[in-house]
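Let's take a walk through this model together, from its sheet and cores to its charged pairs. Have the viewer open as you read.

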Amino acid sequence: MRSRRLFLLYAITGALVLGACQSAQAPADMAPVTVPAAVTTVPFELVHNEIIINTAIGESAPQRFMLDCGVDPSVIDLTLARTLGIEIDETEVGEATGAGDGEGLAVMLSSIPDLAIQDMTFDPIVALAADISPFSEALGFPLAGILGHSFLENRIVRIDYPARQLTIGTDIGAFGPPATAVTERYVVPLKFNSEEELIPVFDLVINGETVTVTLDTGSSGGLELSPSAVTRLSLEAEKAAGETTEALGARGLRTLTNGSLSDVGLGPFVIAELPTHFGERSLSAVAVEGNAGNKLFQNFVLTLDYVNGEVIFQQ
C-alpha cells in the first residue's frame, strides 16, 4: 500500500549554500536582538501533527507560523515578505538543505520584523525567505513561515502538548506550572547535532540499546531511524512488515517505510507503541541514528530551555 502524508523532517536545516556565505547572518543594519523578559502563554494547534501558532507581523492580519526547532535560522514565506514590504537580499540566492530527493528550496536572506505573539513582541528575527507554498498546500492553509533556531535561541519555550499551550519567556522562575498535571520530570542537557547543524539531540533506548536522535518539533512523525540503526538494532523484520509512505521535506518528497516500535525508553518513561519510519538514507553527516517528532512528544510537556541549556520532559 502506498500513502501520502505530511511529515516535515529537517525542513530547512541549512542556511545559505553559497560560496561566499557559510551561514545566515543578520543584515548589517539590523539591530541586535533584545529578548523581552515577559512570559506569555498562548494556545496552539496541532495541524497534521505540526505545531501552529497565531502571530502578527506589525499591523498585518493574523499570520500562522510553525514552530520547528529543527530549522536554522527561521523562514518567512517569500510572497508574504514581498507583500508586507520586508527587506529581502535577492543578490544571493542559496539552496536549502534537508530531507527529500529533489532540489532544495531557493532561499534568500531576510528577517521577520515586528513579530507579536499575543502580548509579547520581538525584535527582528533572522530568517530566510523561501517559497513554502508546498507546505501550505499540505497543511491546508497559508503558512506564513517557520520559527526556528533564530527565534528559540536565548529563550525558553514550554510546549504543553496535552493542553495545547505554548509558554515563551526568558526566566524559568517566572514560568508557572503547566496546565497539564505532571508528576515526573526528566532533564537532559541541551546539546546540538553539531556546530553546523543546530538541532537538539537526546537519547532513546530501543531493544536495550542507546540511540542518539535529533529532537525535531517540525516533524509530524514519531521516530525515523537510519539504515545503520535498523541494522545495529536488528529491526529488519519490523521494517519488512511496514508500508511504503512519502514524506515532504525541504527538497521535496522522499520514500520511507512506515511501521512501529514497542517499549521505547526515554529516561524513566516508556513509550508503549511509537510510530516509526525506517529511512533509506542517513539522516545527517553527523553520527545520529534517528529523528524524533511530535508523535513521540505529544504525551509530554516538553521544555526547550535555550537560556539554561536544558531539555525537560514531563508527564
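A word on burial before anything else: a residue is called buried under 20% relative accessible area, exposed over 50%, and partly exposed in between, using a 1.4 Å probe and protein chains only. What you're looking at is a predicted model, where local features need pLDDT of at least 70 and side-chain atom pairs count only at pLDDT 80 or more, while totals for chains, interfaces and linings use all residues. Residues are numbered from 1 along each chain as its sequence is written, and side-chain values use heavy atoms, with hydrogens and water left out.

Start with the sheet. Helices (H or I, at least four residues) and strands (E, at least two) are DSSP runs, numbered from the N terminus, and two strands pair if DSSP finds at least two bridges between them. Here, six strands line up as S2-S14-S13-S24-S25-S15 in an open, antiparallel sheet. Strand S2 (40–43) and strand S15 (185–189) each have a single partner strand, so one side of each has no neighbour in the sheet.

Now for the greasy part. A nonpolar core is a set of buried Ala, Val, Leu, Ile, Met, Phe, Trp, Tyr and Cys residues joined through side-chain atoms within 4.5 Å. The largest one has 62 residues, and the members touching the most others are Leu-115, Phe-151, Phe-202, Leu-225 and Phe-313. Strand S22 (residues 269–278) supplies the largest share of this core, four residues. There's also a second, separate core of 18 residues, with Met-66, Ala-130, Leu-139 and Ile-146 among them.

Finally, the charges. A salt bridge is a side-chain nitrogen of Lys or Arg within 4 Å of a carboxyl oxygen of Asp or Glu, and the structure holds four of them. In one, Glu-90 meets Arg-82 at 3.2 Å, N to O; Glu-90 is partly exposed at 44% relative accessible area, and Arg-82 is partly exposed at 47%.

Which residue does Glu-289 bridge to? Its partner is Arg-232, with the closest N and O atoms 2.6 Å apart. Glu-289 sits in the loop between S22 and strand S23 (290–292) and Arg-232 in helix H4, so the pair ties together parts 57 residues apart in sequence. Glu-289 counts as buried, at 15% relative accessibility. Through shared partners, salt bridges join Glu-209, Arg-232 and Glu-289 into one network.
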